[in-house]
Amino acid sequence: MNTVLDRELIEILGDNHQATNAETPLRVDAFLKSDSEKMQRIEHHFHAIMEEMGLDMTDDSLSGTPYRVAKMYIQEIFSGLDPKNKPKISVFENSYQYDKMLVEANINFNSTCEHHFLPIVGKAHIGYVSSGKVIGLSKLNRIVDYYSRRPQVQERLIMQIFNELKTVLETDNVIIVMEAKHLCVSSRGIKDETSFTSTIQYGGIFNEKENRNDFFNMIKQE
């Protein structure tokens, strides 16, 4: 994509934070290489990027940066790309017969904008009503963390978490609100440091306004 028109389309896509679908775009050979092999290749290419920017790669402070970036990409901030890192989620019978809403609010998450590779930092609020299955509270945090640790747009991120919870809990009675600050907005482009992005996804009983309002009231109390 080298034409002026192609570059204009790239700019438009990035500014609109548009996702192509609810699944993270991955090649079929995404996991043929080992993590070690990927890190070696990333280290090599990031070294070249830093050199292209005119940095002195013999400097003690910079010489180890390509390795640190490669390790960070594979083992940390993009570890959610690899299915082997998906948290193991055990579900339990709702033995208490609790039939009202359960809410886990203010779940911190850190993700990365797939258009500029800049941080997305925010909070998620999750509610569900059991249809017979429950999961440990910390597993909600782990699911949010897993899907956050990949290049993302916020609309896709909330859909992936929502679909996972519906599958695990075997119910449509799930609601999620996510609020995040995008550094691609605050540190570049318009450089708006005060705005944040909110997304919501829900199903089942939360299609009813009264139940959504109950959820909103509960997360306000947190």
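Before I name any helices, let me say that a helix here is a DSSP run of H or I with at least four residues, and that helices are numbered from the N terminus. With that in place, helix 2, spanning 35-52, and helix 3, spanning 65-77, each supply at least two residues of the lining of the largest pocket, and helix 2 gives the most, with five residues. Please keep in mind throughout that this is a predicted model.

As for the largest pocket itself, its volume comes out at about 790 Å³, and its lining is made up of 25 residues, with Arg-27, Ala-30, Lys-38, Ile-74 and Leu-81 lying nearest the centre. Which domains does the lining draw on? At least three of its residues come from domain 1, assigned as 3-16 + 29-76, and at least three from domain 2, assigned as 89-220.

Let me now stay with helix 2 and turn to Met-50, which has its place there. Is Met-50 buried or exposed? Its relative accessibility is 5%, and because the cut-off for buried is under 20%, Met-50 counts as buried. Leaving aside residues up to four places away in sequence, Met-50 touches Leu-55, Met-57, Leu-62, Thr-65 and Pro-66.

How values were computed. Residues are numbered from 1 along each chain as its sequence is written. This is a predicted model: local features need pLDDT of at least 70, side-chain atom pairs count only at pLDDT 80 or more; totals for chains, interfaces and linings use all residues. Side-chain values use heavy atoms; hydrogens and water are left out. On a 1 Å grid over the protein atoms alone, a cavity is a set of points where a 1.4 Å probe fits but cannot get out, and a pocket is an open set with protein on both sides within 12 Å along at least five of seven lines; lining residues have an atom within 4 Å of a point. Grid points are joined across faces, edges and corners, and a volume is the space filled by probe spheres set on the points. Domain bounds come from an automatic or database domain assignment. Buried means under 20% relative accessible area, exposed over 50%, partly exposed in between (1.4 Å probe, protein chains only). Contact means heavy atoms within 4.5 Å.
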